[in-house]
Amino acid sequence: MNFKIHILIILLFGTSVVFAQQKREGKHTLSGNIKDAKTGEDLIGASIYVEELKTGTITNTYGFYSLSLPKGNYSIIFSYTGYGLVKKQIDFSEDHKLNIELAEIKRELKEVEVNADKPDNKNVSQTKMSVIKLDIKEVKKIPILLGEVDIVKAIQLLPGIQAAGDGNTLYTVRGGNIDHNLVLLDEAVVYNPSHVVGFFSVFNGDAIKDFEIYKGGIPAEYGGRLASVLDVHLKEGNSKEYTANGGIGILSSRFTFEGPIEKNKSSFIVSARRSYYDLFFPFSKDLKDVTTYFGDLNIKTNFKLGEKDKLYISGYMGRDKIGLSSLLGFGWGNYTATARWNHMFSSKLFSNTSFVFTNYDYNFDLNIAKNLNFTRTNQITDYTLKTDLNYFFSPKSNLKFGGSATYHILDPGKIKPITSESAITPDALPTKYALDYAAYVNHKYNFSSRLSAEYGMRVSIFQNIGSSTVNQYQNGTPNYLDKNYGLNGEILISNIIGSSYYNSGSIYNTNYGLEPRLNITYLVSDESSVKVSYNRTFQYLHLIQTTAASTGQEFWTPTDTYIKPQMADQVALGYFRNFMENAIEFSVEGYYKWMTNTVEIKDGADLQFNNHIETEIVEGKGRSYGLEFFVRKQRGKTTGWLSYTISKSERQAEGVNNGDWYAYRFDRTHYLTFVVSHELSKRVNVSANFIYATGDSYTPAIGSYVVNGLQVPLYGDRNSARVPNYNRLDLSVTLLQKKTEAKPLWLFEKRKFEGSWVFSVFNLYNQHNPYTINFKTNPDTGANEAVKTYLFGIVPSVTYNFKF
Amino acid sequence: MKNIILYSLFAFIIFASSCTEVIQVDIPASADRLVVEGYVSTEKDSSYVQLSKTVSYFSTSVNPFVNNAFVKVNNDTFFYTTNGIYRPHAGYTGIVNTPYYLTVNYSGKTYSSLSILNPLIKIDSTFKFIYHEKELIAEAGYSVSFNFMFHDANQYTYFRDGFNSPKSLWRDSLYSQLVTFDSKSTKYNELIPFDVPLLRLNANDTVLLMFRSCDLNAFNYYNALSDMSRGGSPFSNPPANLPTNITGGAVGLFAAQEVRHFRIRIAP
């Protein structure tokens, strides 16, 4: 512990030294925002480069930048990927405020100030590793299941990130569990990022401005999950003109409308999607009684409150419903709301204060008979207040610090009858309350032109709050090993011997963690670098899920008296090299990750409506390691990437496989993806992706026996066998229509209509990739069989997209 | 009242359009295990222990019975009869609120188990038959309903039915319905009406309703058995072996049960 405290003191001391130096040097500051010239959207991560000093900075999440330099005259280049750069001569004899607008590259642009876009070496030079950012325009070219643009499906094609099943939007990162991924939408946690049992994600591609995923080297500002952070930002809305766009697909459609509230000062965006594939179900013999749909709505608006203040308000609502006539049904929904206030204390100190609301709920209804029916609900609600401050000392030094407090309310289950005749009595599992605090400091510093580092510390505290009844167990643990029973001579036993009651508002359990973060980059040359990172992460909320598909049956449970916080330590080493003047990026990263207190589900666990869930899970350990190779070409007529990961992910828990290490369910030794997009002409684009992966691990039946007149399987060790290897090829063709001009209509002054057809084929050669393997007795022959279930054969789709 | 929640029905519905294929897979070899299925019943001469062995999963051979074991329940020796079945002396009857200890000696190993013979919940023998038109997934016909009562908060039982129709033969087994009950989500000391889910009968059919008390081990076993018998799917829980209350590495169940049967004819 002392060692950890020393690290924190050194960190804070180092930061204050830099602060003092800064003051003495008497520098002047250039600050402002960088925006898209056409829409007025803030550009995140735009580059500001000082030619003479060969140094610079980038814009933050809100498009703000600040650059402090010694007195002098400098050429400053403002640039952003896919946009023309702007060069300005700035006299740093006093502080300046300069807002810049960059224009997206179009062939017809020939303004004097706008030069051709050149690839930069950001992937090599940035003090970050294990982070990948994809341009949403590139994502839209990737052929996806049923033509629905999906950022989550796109990231699953990147090294180290793998889908949790065919067509599934749930994913694992570097051997972590499905719930080890923090998914943020405008700072709000999205607890279930899935629609339609996982086939689509909740992210509407038309409403998204920018996203990036961290799978290691996670900055200290992020916390709460072990493996990764997917940080998604919604568009703010066009502040210059009204526009609309959308898409009409076979199974779902979407529409987005955006425009200024007050030109160049405030704007809004509304984006909605709704599926209608259930309209086709009446034509299917098997599905005629099935009702299912999803819908979601994104809303965002922003107001400039003055030169130093800006307010953003955004929200997301999404709902899924699946049912069979009135017999049964289930559904779930995510609701998020974020209010953010940007304030510039000075040209160097930028702050953002956010209030975030998140709610995730699901319901399950069963209505077998008049006297046998019920509805069961479950939900988690968070209220978060957080502040982030960003102090731009100099191009060499950038300090971020802040804190957050979240109040969690978890309703693990309520059950009530649907009709008064029902034999089911109303019941509710006790609501669980928790407070989650965090404070962090993160400093980026360039020690020289070649050596830079980003280091930080996060302190997280999690407290359980009453009212609550905590069970007491025999041997002091909810699961103790009984060596008498069990197929392998041991079995986990739970025995409640009493309970303790804690009053409302009382804190009855506290956990905390110190989470050091470190990234170091050494530039070997302008085209190559070596990077190393380390991060420790804690996770205090745990998803209890047994199935690979998201069914709404899964639920979140907090760390408490018996369930410890999960913790992971990860080290990574990488080599980054660009070729052909940065046109081709190459990287190889190796990582090793240790996980402790992982939540492992007991064999045959009873998870539904269980008031002592701690008896159904066991504390485990995890380890994963691998090598990731990545080659990407982002410019030119042909773009795409090739990614290959070789890895291993294992778990160990008392009472599972006799305590031996075993393969994680989604442990895949080899994972290869190839994504390519080629512009055949100005109006025709062809894209394809290919995936090859080692088959998932599963638990095989090794024997069989007869009890109660039934033939039942005897299963072997958990995850001791492999399903056949996975492979799939997808293809899409995009046909752009000619732009047509039309007379102004209503709010749309300069009406240019753009349309495109997207024809795509998922699983082109109709590979029957296994989703699960089950062991069953054939009712006709009586023979035992291994039965593969596959979800998708070849799936063609067509979507018409429009914009005006 | 857990098992009436037919979660895996989803799997069939949602994935009705998905496809299945029988595939060849390599499975590890497994050693034979002893299979124990033993019951002590309050019905006279109905108690028995059946012993057999597991076989490799894809084996086409029948599970072999075990005929040379020594079987004892409390102080009563169970003697081999046929088909792996061991029975006690004539007139043997289980007694409510008694613990029963099973000992099996076989092939130099000892296997043991304990089951408490708990009292059965109260069943009101006034059964009702109501005719229903075809609805949802239930065929047209007479439903069967009855009232039952739990006496305290930790009671477990399970129910099965079988029926015969003038047009069909008796069913040998009673696995058409297996419903487990616990008193967790149910009122107790109060009669609760219950419709046998989805059971629809014709006039003149005879229905056999069988209620058995059980302890927590048997309750968990029957829940798991019911889950397993519905088959796996992408939405199913991960595969897991049936729980067992037999020590020594055997599989199966030893259960002491109070049993009541009701045989009723559906009068038109």
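Trainee: Which residues lie nearest the centre of the largest cavity?
Mentor: This is a predicted model, where local features need pLDDT of at least 70, side-chain atom pairs count only at pLDDT 80 or more, and totals for linings use all residues. Residues are numbered from 1 along each chain, and chains are lettered from A. A cavity is a set of points on a 1 Å grid over the protein atoms alone where a 1.4 Å probe fits but cannot get out, and lining residues have an atom within 4 Å of a point. Of the 43 lining residues, those nearest the centre are L184(A), E187(A), E221(A), Y222(A) and K386(A).

Trainee: Which strand gives the most to the lining of the largest cavity?
Mentor: Strands are DSSP runs of E, at least two residues, numbered from the N terminus. Several supply at least two residues each, including β12, β17 and β25 of chain A. With seven residues, the top contributor is β25(A).

Trainee: How much space lies in the second largest cavity?
Mentor: Its lining has 30 residues, with A163(A) and Y726(A) among those nearest the centre. Strands β44 and β49 of chain A each give two or more residues to that lining. A volume is the space filled by probe spheres set on the points, joined across faces, edges and corners. For the second largest cavity, that comes to about 310 Å³.

Trainee: How many cavities of 30 Å³ or more are there?
Mentor: The largest cavity holds about 810 Å³ of space. Counting those of 30 Å³ or more, the number of cavities is 13.

Conventions:
Heavy atoms only, no water. 1 Å grid on protein atoms, 1.4 Å probe; cavity = no way out; pocket = protein on both sides within 12 Å on 5 of 7 lines; lining within 4 Å. Helix = DSSP H or I, 4+ residues; strand = E, 2+ residues; numbered from the N terminus.
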